[in-house]
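Me: Got a structure to go through with you. Can we start with the charged side chains, then do helix packing?

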Amino acid sequence: MSDSKRYNRIAELLAEKGITGKALAAKAGKREETISGYCTQKFQPTIATLFELADILEVDVRELLVPNTKSPHKNFK
């Protein structure tokens, strides 16, 4: 899979869940510019960060890594 698919998925999830990059940054303890960089492919999150973002977004980390993978979570907050 290309990196663009992976990082664009973060942006897609933010839009799907109605979460701003600023809100995600605050929850993840990151700068808003860093989250924006992940979404625009300027920066690559570490594996640990991917797990943290998946947890915050309430998706399985596979949704960030594997195309067309849906989370086993049924009820999102």
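Me: Is Glu-63 buried or exposed?
Reply: This is a predicted model. In it, Glu-63 is buried, at 5% relative accessibility.

Me: Which side chain meets Glu-63 in a salt bridge?
Reply: Arg-9 does, with 2.8 Å from N to O. Arg-9 lies in helix α1 (residues 3-17) and Glu-63 in helix α5 (residues 62-65), so the pair ties together parts 54 residues apart in sequence.

Me: And Arg-9, buried or exposed?
Reply: Buried, because its relative accessible area is 11% and the cut-off is under 20%.

Me: What about Glu-16, which residue does it pair with?
Reply: Glu-16 forms a salt bridge with Arg-9, closest N and O atoms 3.0 Å apart. Glu-16 itself is exposed, at 53% relative accessibility.

Me: How many salt bridges in the whole structure?
Reply: A search finds 5. One of them joins Arg-62 to Asp-60, with the closest N and O atoms 2.8 Å apart. Arg-62 is partly exposed at 43%, while Asp-60 is buried at 18%.

Me: Which residues are joined into one network by shared partners?
Reply: Arg-9, Glu-12, Glu-16 and Glu-63.

Me: Switching to packing. At what angle do α2 and α4 cross?
Reply: Roughly 115 degrees, with the axes coming within 10 Å. The crossing is right-handed.

Me: Which residues make that contact?
Reply: From α2, Leu-24, Lys-27 and Ala-28. From α4, Glu-52, Leu-53, Ile-56 and Leu-57.

Me: How do they divide by type?
Reply: 5 nonpolar, 2 charged and no polar.

Note on methods: Residues numbered from 1 in each chain as written. Predicted model: local features only at pLDDT ≥ 70, side-chain atom pairs only at ≥ 80, totals over all residues. Heavy atoms only, no water. Axes fitted to C-alpha atoms, helices over the stretch in contact; angles between N-to-C directions. Helix = DSSP H or I, 4+ residues; strand = E, 2+ residues; numbered from the N terminus. Left-handed = near helix turned anticlockwise from the far one by under 90°. Contact = heavy atoms within 4.5 Å. Nonpolar A, V, L, I, M, F, W, Y, C, P; charged D, E, K, R; others polar. Salt bridge = Lys/Arg side-chain N within 4 Å of Asp/Glu carboxyl O. Buried < 20%, exposed > 50% of the residue type's maximum accessible area, 1.4 Å probe, protein only.
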